[in-house]
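The following note sets out several points on the structure shown below. Please read them alongside the sequence and the model.

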Amino acid sequence: MLHNIMGTTKNITVFPKLFLEPKVKKLFESFEYHENTVVNEDLDVHYNPYYSFKLIPEYFKLNTRNSKYTIKKIPQHNWGYSILLNSVNTIEDFMLKQFNGKKRNIIRRYVNRLEACLNVQYKLYHGRITKKEYAFIMESLKNMILDRFRELNEVHKNIREWDYLIDSTYDRIINKTASLFVIYNDKEPIEVSLNYHYDKVLFSYVSSYNVDYSKFGLGHIEIYKQVEWCTKNDYILFEMGVGGMDYKRRWSNNIYRYYHYIAYSNRGILAGIYNVFKYRAKEYLKSKKPEKALKRTKKQNKGINTTLVPSKIVTINDNLIKKICNATEVDYNDDLHGFLKRSVFDFLYTTIDHISNIKTYKINNREYLIKGKNNSQTIGLN
């Protein structure tokens with residue numbers, strides 16, 4: 001079904017990829033950002049009379065190699081969000097500066113409970129990954145995106161370029177211009193972030209998590225752990241890119257505007273002047289319009305079409321033990337009973353139990369039971 005909504009888009013406009021292109025290195029002698037300078041080699045590439053580069057963060061200064069080119073910067077009606085780390089040495093330093101005590105405790109609680117309840121492993125694939133691992137992780141990420149946005153009744157923009165991402169990302173991971181950050185529960189990826197790398201910048205391009213684990217705040221844990229990796233590896237920026245989602249605003253300490261760069265020589269002066277006028281007009285019109293509504297698709301539910309009604313969590317007692325004796329143990333990981341998974345992980349988060357202690361039972365056709373080490377909960381089906 002996925003191929004019906006997927007395209008073969010090859011125009012992924014993010015600066016970590018753009019700045020590595022030969023034509024960009026040829027045109028610009030160096031890039032400056034937050035007191036860092038990247039000097040580009042003068043490649044044996046022909047100059048074009050006209051260039052157009054969208055979504056360049058305002059904190060970058062692009063220095064041309066050839067003085068014959070005129071550079072025009074057009075402000076875009078787009079804002080970017082990132083975490084600037086040049087004044088901190090550890091993740092804790094950043095947390096103290098960015099969040100008050102209550103918010104720090106909430107994020108730490110997410111991390112601590114995830115690690116207390118599950119068999120968690122964090123892994124960043126950067127320079128080394130087998131093709132089998134790569135295929136498995138990317139398939140997991142795709143399914144997470146589809147499941148999460150199916151619940152939202154929306155289509156994720158990156159699904160349309162998935163074929164291109166699959167074909168292009170493996171080599172980028174091997175040459176260290178991309179990476180995959182994965183949170184595992186045992187051997188199951190439960191959160192994945194596909195990143196691009198440029199100099200001392202880590203750009204989180206697309207990420208998602210398994211919706212069954214929603215209670216654990218995996219999106220916040222992913223940012224926390226990746227920022228921690230950045231501080232340990234001398235990166236100064238964790239980029240979250242364009243779009244002002246709430247979680248980006250909460251984490252960001254470096255909110256900036258994007259610019260559209262147009263460069264042209266005398267041979268491209270007509271194209272340059274025309275496109276400067278055109279794109280300025282487009283940005284003006286964009287600024288006067290409300291944000292476009294997200295594209296919708298018909299909602300599709302997987303598995304058993306049920307509404308789960310959990311009871312209160314109670315301490316295990318003699319009456320419960322008698323009930324279990326007349327119940328049938330079931331596996332919440334199989335296809336037939338997979339609809340119980342989210343309730344199981346919600347139960348784990350609330351009770352701070354470990355997954356190894358969990359058993360699930362079928363009491364009758366409309367009632368199931370989750371049993372932990374000291375607590376239990378019944379789940380009814382409407």
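Helices (H or I, at least four residues) and strands (E, at least two) are taken as DSSP runs, numbered from the N terminus. The model is a predicted one, in which local features need pLDDT of at least 70, side-chain atom pairs count only at pLDDT 80 or more, and totals for chains, interfaces and linings use all residues. Residues are numbered from 1 along each chain as its sequence is written, and side-chain values use heavy atoms, with hydrogens and water left out.

1. Lys142 forms a salt bridge with Glu139, and their closest N and O atoms are 3.1 Å apart; the term denotes a side-chain nitrogen of Lys or Arg within 4 Å of a carboxyl oxygen of Asp or Glu. The two residues lie 3 residues apart in helix α5 (residues 131-152) and are therefore separated by about one helical turn. Lys142 counts as buried at 13% relative accessibility, whereas Glu139, at 37%, counts as partly exposed. Here buried means under 20% relative accessible area, exposed over 50%, and partly exposed in between (1.4 Å probe, protein chains only).

2. Salt-bridge network. Salt bridges that share partners join Lys26, Asp42 and Arg65 into one network. Within it, the closest N and O atoms of Lys26 and Asp42 are 3.0 Å apart. This pair links distant parts of the chain, with Lys26 in helix α2 (residues 22-27) and Asp42 in the loop between β2 and β3 (50-57), 16 residues apart. Lys26 is buried at 12% relative accessibility, while Asp42 is exposed at 51%.

3. Further salt bridges. The structure holds 11 salt bridges. One of them joins the side chains of Lys23 and Glu21, at 3.9 Å from N to O. Lys23 is partly exposed, with a relative accessible area of 35%, and Glu21 is likewise partly exposed, at 31%.

4. Packing of α4 and α7. Two packed helices are described by the angle between their axes and the distance between the axes. Helix α4 (residues 101-117) and helix α7 (residues 218-232) pack at an angle of about 100°, with axes 9 Å apart. Axes are lines fitted to C-alpha atoms, for helices over the stretch in contact, and angles run from 0 to 180 degrees between N-to-C directions. The two helices are therefore roughly perpendicular to each other (angles under 35 degrees count as roughly parallel, over 145 as roughly antiparallel, 65 to 115 as roughly perpendicular and the rest as oblique). Ile107, Tyr110, Val111, Leu114 and Glu115 of α4 meet Leu218, His220, Ile221, Tyr224 and Lys225 of α7, contact meaning heavy atoms within 4.5 Å.

5. The open sheet. An open sheet of 3 strands has the order β2-β1-β4, with antiparallel pairing; two strands pair if DSSP finds at least two bridges between them. Its edge strands, β2 (36-39) and β4 (60-64), each pair on one side only. The twist averages 20° from one strand to the next. Strand β1 (residues 28-33) is joined to β2 by 4 bridges, and Phe31 stands opposite Val38 in β2.

6. Is Tyr261 buried or exposed? Tyr261, which lies in strand β11 (residues 254-264), is buried, with a relative accessible area of 4%. Not counting residues up to four places away in sequence, Tyr261 touches residues including Tyr51, Phe53, Phe60, Leu62 and Lys72. The C-alpha atoms of Tyr261 and Ser356, 95 residues apart along the chain, are separated by 55 Å.
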